[in-house]
Amino acid sequence: MSLSRLLIVLVLFALFSSSHAASVQDYLPKQATFDSLIPLPKQTLGFEIGQSHVRHDQLKQYFNILADSSKRLKITTIGQTAQLREQFLVTISSETNLANLDNILAKRHVHQKESQSNIKKHTEKEPLVLWLGYSVHGDEISGANAAMVVAYYLAAGTEQTIETMLENTIIVLEPSINPDGMDRFVNWVSTYRGSANNGDPEHIEHHQGWISGRTNHFWFDLNRDWLLLTQQESRHRLKYFHQYQPHVLGDYHEMDANSSYFFQPGIVSRTHPLTPKQNITLTKELAKYHSKALDKAQRLYYSEEEYDDFFYGKGSTYPDINGSIGILFEQASSRGMQQNTINGLLTFEFGIQNHVLTSLSTIEGAWQNREELKKYRKNFYVQALKQAKKERFDGYLINEEKDNYRLHALLNTLAQHQVNAYPLGDDFSYKGKKYIAENSYYVPLAQNQYRLIQALFNQETNFADNTFYDVSGWTMPLAMNIDFQQLDNTWGLVLADKAWSNKDIIQVSKINTNSEDYAYAFEWHHYLAPKLLNQLLNKKIKAKVATGGFSSQVQNKNHTFASGTIIIPAAIQSEPNWRAELAALAMTANIDLFAIKSGLTSQGIDFGSNSFKLLESPKVLLLGGKGISQYEAGEIRFYLDETLQIPLSIIEHSRLNNVDLSHYSHLILVDGNYTTISDDNASKLKAWVKQGGVIFGQKRGAKWLAAQEILSADFVSKKQIAQLFDNEPLSYKDKEKLNARKRIAGAIFATKLDTSHPLAFGYSDYNLPLFRNSTLIMDTGQQPFITVAKYTDTPLLSGYTDKEIVNRLAHNAAIVAHNYGEGRVIASSDVLAFRGYWLGSSKLLANSLFFAKTFSTKAK
């Protein structure tokens, strides 16, 4: 190594060691010059970048001051998080472009729809648009800090190259994608950081509590939500993503401390087939600029390994299905101020510097390749329309006759993704089924978002590469249990002129109640029926559930009600104004309320029958703590607390001995390691269930219940799974492929639901798709009546699972329920509320809360 290169290395090491606080200009190119009137971060924060972990309010404060001082910056508030922190974007361009921003973006939307012949004319005129998003995982905070450095450079830099570039470029920064998780992490590391430098990897600073800063308020991974849109942060952002239509999106993360630095492309064979090959070519071209920047700084890095580009729900892949180039960046994480690693001392400042380097290399690479990037985006949509015409079918017909909530949830998600779904103008028959116009919609393939439509509706089960970083199947209509059909013949199909919008949601009319009404009823097939029921019970309005069907006169017409219908008889009410309360709550929930004049039914059970069971408001406890999946706990919390507004108490398992379980009706165990529960506490749980408690176990939570002999089921062992595969002809290079065959990264399976079971109230179709991401398989043997749902003989619907595991799953139980003393135990090997968008199966959780005592089945 030459003396000059050695000096550079020594300077960099000294600069970014914890003993020296680097100024913002130390992170930037040495030849750069700056406008002295633009404030430095230290002047606002009171410390240098990387010297301490910046909170979200401090981050926002600096950007506000920067925008006030520079005509190159514009702050846009895009929403609030669940904890009321502001979500904001920073748009950086020339003063002229910012003044005319709305018109510039509007023109780009018009030009996107134009033909191939006009591509060159308009791409020459339109600006390059870049989007850099930082710290979607709140504990990967070097990105948020790097954003301040990048913004300062672009706001204060006086070189002509910057001015020229900004005259023709719009750069969008999202400095903190996950403000709630960011502050959770900052509070942790700030609490445990010592005054003396401490790089010990075992120090508590580097090991967060059960709920980490990675997730948002509801403990969801926002980097899996770009496609699913269950979280408000994602919905707020997506509107602006489609408004700006970036050519390149940089997604800045952190990874294990003993890693180095990664940038895409990832493993090329694991790219989703809907992504054009030119996307990979352009990603590789931009990678040259990242490697150049990191080479100059003599940083370790790698590419085309480990990470894939398959699931479109991530920040680096969603752009790929929308005409952009999404690029993932992963920096080894100090997870605090500094940490000793196999590569030496890793400091917080070092990680920030790397993300600054690749942020600037992304800007430079995109600028140098701007014409190719603009041409690619335009051509992306032209080619999409051509590919749509080559398909063997014309579009998808979607239909849901009973539950408008789930139907509208799907339509609303499509609309947010710029997908047009058209209401039917008249009833339509196809392959022997009649589709009623008022609850059927058509999604034509021939539209700009052809590829995204296929990504949402596709049910592929065969793949060139069977190793997946995340889920391999996510078909949205299956998740929402919405019937959908490919149409290869649209003859006779009449459509409305305008696509669906959320303005088209029809509200139910408020029922006129009077004192002569014998009872009221509402049907359980509505997704929000559990929310309405719980609200009534909390207001001491008594309700019963029908365990059998019946028919009654409603407005002089015979109406048939299915099992699971909720009735509110006048005879058992004692609260004043209960009728008005009931009518108002039903209208708010948008659920039809039926007034019934007599307790004598024309068919089925009468209202005085014991077949109507009195219901109670559940008191639910979830067992959490270290070793328990924060994601699955978050999914349960989101469904019960946020969607249904049912309070959910959560305790860490270390406190179980101090909790009086008699205060609760239900206990939930999600996936996790429960081996730390003592024998005494296990006995305490058993006694509570025997005395009438209801316990629900999911995945390893269910397996623990079986190990405690509370659940009457066996689980297929890892050894038994391994024995399904022949290892003899394999060599060492086949190890990774074999491991991929032995796991289920995330796929969708067909089950047959026992619709006569009380836990299946609200379901009229026995076909129910379920999501699983483990090889935990329940075996209940020959026990009648305890299986609520079981896998079909050919269960794989979407995603990858090896045929040996698929065959082993076939006909096995997916959901089991039976008595345990006076109580009930309910178990699932699948994830019923996965990532908040599985509306089809999540209702089984609500049924477990309200109807567990309406069935009685003893296990052998």
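Residues are numbered from 1 along each chain as its sequence is written, and side-chain values use heavy atoms, with hydrogens and water left out.

The protein has a mean pLDDT of 94, and 96% of its residues reach 70 or more; pLDDT is the predictor's confidence in each residue, from 0 to 100. Over residues 1-19, however, the pLDDT is below 50, and this stretch has 26 contacts in the model beyond near neighbours in sequence. A contact means heavy atoms within 4.5 Å. Where pLDDT is low, the predicted coordinates should not be read in detail.

Seven cavities of 30 Å³ or more are found in a search of the whole structure. A cavity is a set of points, on a 1 Å grid over the protein atoms alone, where a 1.4 Å probe fits but cannot get out; its lining residues have an atom within 4 Å of a point. Grid points are joined across faces, edges and corners, and a volume is the space filled by probe spheres set on the points. The largest cavity holds about 70 Å³ of space. Its lining includes Pro265, Gly266, Ile267 and Val268, as well as Asp309 and Asp320. By class, the lining residues of the largest cavity are four nonpolar, five polar and two charged. In this scheme Ala, Val, Leu, Ile, Met, Phe, Trp, Tyr, Cys and Pro are nonpolar, Asp, Glu, Lys and Arg are charged, and the others, Gly among them, are polar.

Pro265, one of these lining residues, is joined to Gln264 by a cis peptide bond with omega of about 20 degrees. Pro265 lies in the loop between β6 (261-263) and α11 (277-296). Helices (H or I, at least four residues) and strands (E, at least two) are DSSP runs, numbered from the N terminus.

The structure holds 50 aromatic pairs. One of them is the stacked pair of Phe550 and Phe561, at 5.0 Å centre to centre with 20 degrees between the planes. This pair links Phe550 in strand β18 (residues 550-554) to Phe561 in strand β19 (residues 557-561), eleven residues apart. Rings of Phe, Tyr and Trp (its six-membered ring) pair if their centres lie within 6.5 Å, and planes under 30 degrees apart count as stacked, over 60 as edge-to-face and the rest as tilted. Phe550 is buried at 2% relative accessible area, and Phe561 is buried at 1%. Buried means under 20% relative accessible area, exposed over 50%, and partly exposed in between (1.4 Å probe, protein chains only). Elsewhere, ring pairs join Phe310, Phe311, Tyr312, Phe463, Phe468, Trp474 and Tyr800 into a cluster.

Asn97 belongs to helix α4 (residues 95-99) and is buried, with a relative accessible area of 11%. Leaving aside neighbours within four places in sequence, Asn97 is in contact with Ile104, Leu166, Glu167, Asn168 and Thr169.

Finally, two loop residues have a positive phi without being glycine. Gln245, with phi of about 50 degrees, is found between α10 (232-244) and β5 (248-255) and is buried at 3% relative accessibility. Lys699, with phi near 55 degrees, lies between β27 (694-698) and α21 (700-707) and is buried at 6%.

Conventions
Predicted model: local features only at pLDDT ≥ 70, side-chain atom pairs only at ≥ 80, totals over all residues. 1 Å grid on protein atoms, 1.4 Å probe; cavity = no way out; pocket = protein on both sides within 12 Å on 5 of 7 lines; lining within 4 Å.
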